Amino acid sequence: MLFNSFEFLFFFIIVTSLFFAIPHRFRWILLLLASCFFYMFFKPVYILILAFTIAIDYTAGLLIEGQKTAKLKRIYLLGSLVANIGVLVIFKYYNFLNDNLTEIASLIGFKNNLPYLDILLPIGLSFHTFQAMSYTFEVYHGRQIAEKHFGIYALYVMFYPQLVAGPIERPQNIIPQLHKRQYFSFDNTVIGLNLIALGLFKKIVVADRLAVYINQVYKDIENANTISTMLAVCFFSIQIYCDFSGYSDIARGTAKVMGYDLMINFNKPYLSQSIAEFWTRWHISLSSWFRDYVYIPLGGNRVEKWKWIRNLSLVFLLSGLWHGARWTFIIWGMLHAFYLIVEIITKNIRINLPSLGTFSRPINQTAVFLAISFAWIFFRAETFIKAKLVIAKLLSMDFSLNISQISAEKGPFNLLLSFFCIILWFFIKLPKYKESLSRNLIFLIGITFLIITLGKGESAEFIYFQF
Amino acid sequence: MNQQNLSISNFNRFIKQLLLPYAAACILLGLLINYQFENRIVLGSQISGSYKVNRIINELHSSEIAFFGSSRAEGTFIPDSLVKEGFNYGMSGIQDDVVLFFLDEECRKSSKSTPIVINFDLDGLNYSLGDVSSYIYNSNYKPVRQLMDSSYKTIYNFPLLKYYGVFELYFKFYLTDKFNLTKFVSKGASIEKNELTANKFEALVKERLASTNFFNNDPLLSAKLITIIKSNTNRKFIFVIPPYHNSFFKGFVNANEASIFLNSLKKLNNVVVLDFSKAHFVDIDFLNTSHLNLRGAIKFNRILNDSLKNYCQ
């Protein structure tokens, strides 16, 4: 079920009303059933994959906690990891690995006879698998006691607001909240509804509007010029931010109305002054996952410089792969690793450079935005060849002011609307609850009308669903 | 106060201070915006489909000669250069199911006896609703709802919400009409001003030459057309086939079937067929291989004017 659909509107109203109408002891059942329904709305059979990982990790958690020796704990942790990663490999990476194996085999004169699996990628697989893995890691490290209540554990993995596109939660944050009795709160409801409204605005008004222009330029890149390609590349940075942070806002808002606090996933990432800072502000739940469970265990930055570079490269290689089984995602990840390595290597040189005073901040922010936008080309392009074409267009220096080229297939009106929506997004700020009730009310009404009048009609999927 | 009571008072506060004011404001503001939007924008442009649908249903112009058809009609017939009082009801993206709806509505106006000009496309009588936004304003009118068929949605009953996702289309028509930047507009006609470069047109010709064109008449639609013509003997039905680029005919596999159908129409007493499909027009007169541009349309209207004189005085 898509957050930006009428079905979800009814689902949300019904589930939230029932949640507060029934006694606390039955609420986990309601939320679990609602989450199953929410997930099965996409493709029912994939609920079995979730059931499999939930059963494995629930059992692994109990077994890890019950062992006296570190060796046995490690065995059970490994067992759980193998099961989780196995699911990811089969459903997400198998065909990619198979294709590459075929290529390599043909290069050395062999034939790869492994069959091709005709399966659809279960929605949000990487999100709920990583959330399940974080539970076993935390239990293994003794930072989280194993959850005895199977229903609560299942709900931790399946809680519908963050089931298919995060935030990838940690058990310490969610499980205690699921146990706690929640009461209807006016404050939570206002904050939650504001978040939902803002998220819907970001998705329906900004991201989906920009998608029209971006899709046209990428589809017909041969006929684009440098100006239209630059616009499409920069627009995509905004689209993906509004799409994904919009989802996170709706997820947080939906949970907040019921009294649950989900972690903040985005913190104005495009205001970062360095790539390192960007990764503390973008998809925080995933970057902190890699930091805690991959980067730090490898030694983080408290090792020799080359190992530090190795650790960063490995983390970003995995981060690229996490997004999808495609070489373009791997290049995207490695490009970010490269940026970070350059930042590390040039740190001393940059410190000694003369200060640009008040201009240094916007210059840094612009440079970071452009570098990130460039990397997004590989994220957006379906193939490496397409990414190369986009870059070639950027470098072609064709700045001809051809209106039909610049405005792409849908014409100047759509381009103007795209700019208008970006300006709106720039100025619309979430009201602070304590400001005044009327300000919150005006915000909700205003956003409602902006969505109705400027929203793209079709319920487009969120980009991160595919991961 | 215990938590349970606090929860109840919080809920009451939510209803009184947030939900009710929000709902009231949304309803009032929604109705106000809807009223203004419909009157100024939806019906504010003579070239929009919604205006044309509304005009044919709700307005009676006794001496008006109506021009019906698809985008070929919309982008070809300039009423002011053809007749004393006329209006171009052509809509892009539509096919003959919609043309027949227009014809039906026109023929309901029993006090009228003016001739009706219909653009005829050589691909025969087919179905296409075109853009659904043309019908939303009148979606509660039974024949429109029937025409919309599965495209009809319950949301079309709710003011303002019914335009969700299509607002920009109305604004686009409105702006095109008011500012005439890329199109020439007049009495419902909307004709592209831009002329294609030789290279681009050549590419279109190549594309056309590589494709095959069929005359494919839907029997239900052709039967309905004949019925309308036969039951309105007081009206003259003038079928006009505007020019096609000669590349169109290269891949036209069953031209004889089109001729047979047109000949069967000609046999009806109140039908006139004016075939300009092969009239000599040069590349720069065309927007693409089946549509004229403004230059071509002006040229064609001069020719058509001479022929129409005999029937539309």
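Tutor: H13(A) and H15(A) are roughly antiparallel to each other (over 145 degrees); helices are DSSP runs of H or I, at least four residues, numbered from the N terminus. The model is predicted, so local features need pLDDT of at least 70 and side-chain atom pairs 80 or more, while totals for chains, interfaces and linings use all residues. Residues are numbered from 1 along each chain, chains are lettered from A and ligands numbered from 1, both as written.

Student: At what angle do H13(A) and H15(A) pack?
Tutor: H13(A) covers residues 327-345 and H15(A) residues 360-380. Their axes, lines fitted to C-alpha atoms over the stretch in contact, are 7 Å apart. Taken between N-to-C directions on a scale of 0 to 180 degrees, the angle is about 160 degrees.

Student: How many nonpolar residues are in the contact of H13(A) with H15(A)?
Tutor: H13(A) contributes residues including Phe329(A), Trp332(A) and Tyr339(A), and H15(A) gives Ala371(A), Ala375(A), Phe378(A) and Phe379(A), where contact is C-beta atoms within 7 Å. The residues of this contact include 2 polar and no charged ones. The nonpolar count (Ala, Val, Leu, Ile, Met, Phe, Trp, Tyr, Cys and Pro) is 9.

Student: Which helix of chain B gives the most residues to the side that touches chain A?
Tutor: The contact takes 23 residues from chain B and 20 residues from chain A. On the side of chain B, helix H1 (3-42) and helix H8 (167-179) are the elements that give two or more residues. By class, that side has 15 nonpolar, 5 polar and 3 charged residues. With 14 residues, the top contributor is H1(B).

Student: Is Met397(A) buried or exposed?
Tutor: Met397(A) lies in the loop between H16 (384-395) and H17 (403-407) of chain A. Its phi is near 55 degrees, a positive value in a residue other than glycine. Buried means 20 or more other C-beta atoms within 10 Å, exposed 12 or fewer. Because Met397(A) has 8 within 10 Å, it is exposed.

Student: How many C-beta neighbours inside 10 Å has Asp149(B)?
Tutor: Asp149(B) is found in the loop between H7 (142-148) and H8 of chain B. Its phi is positive, about 50 degrees, although it is not a glycine. Asp149(B) counts as exposed, and its number of neighbours is 10.

How values were computed. Two residues are in contact if their C-beta atoms, placed from the backbone, lie within 7 Å. Angles under 35 degrees count as roughly parallel, over 145 as roughly antiparallel, 65 to 115 as roughly perpendicular and the rest as oblique.
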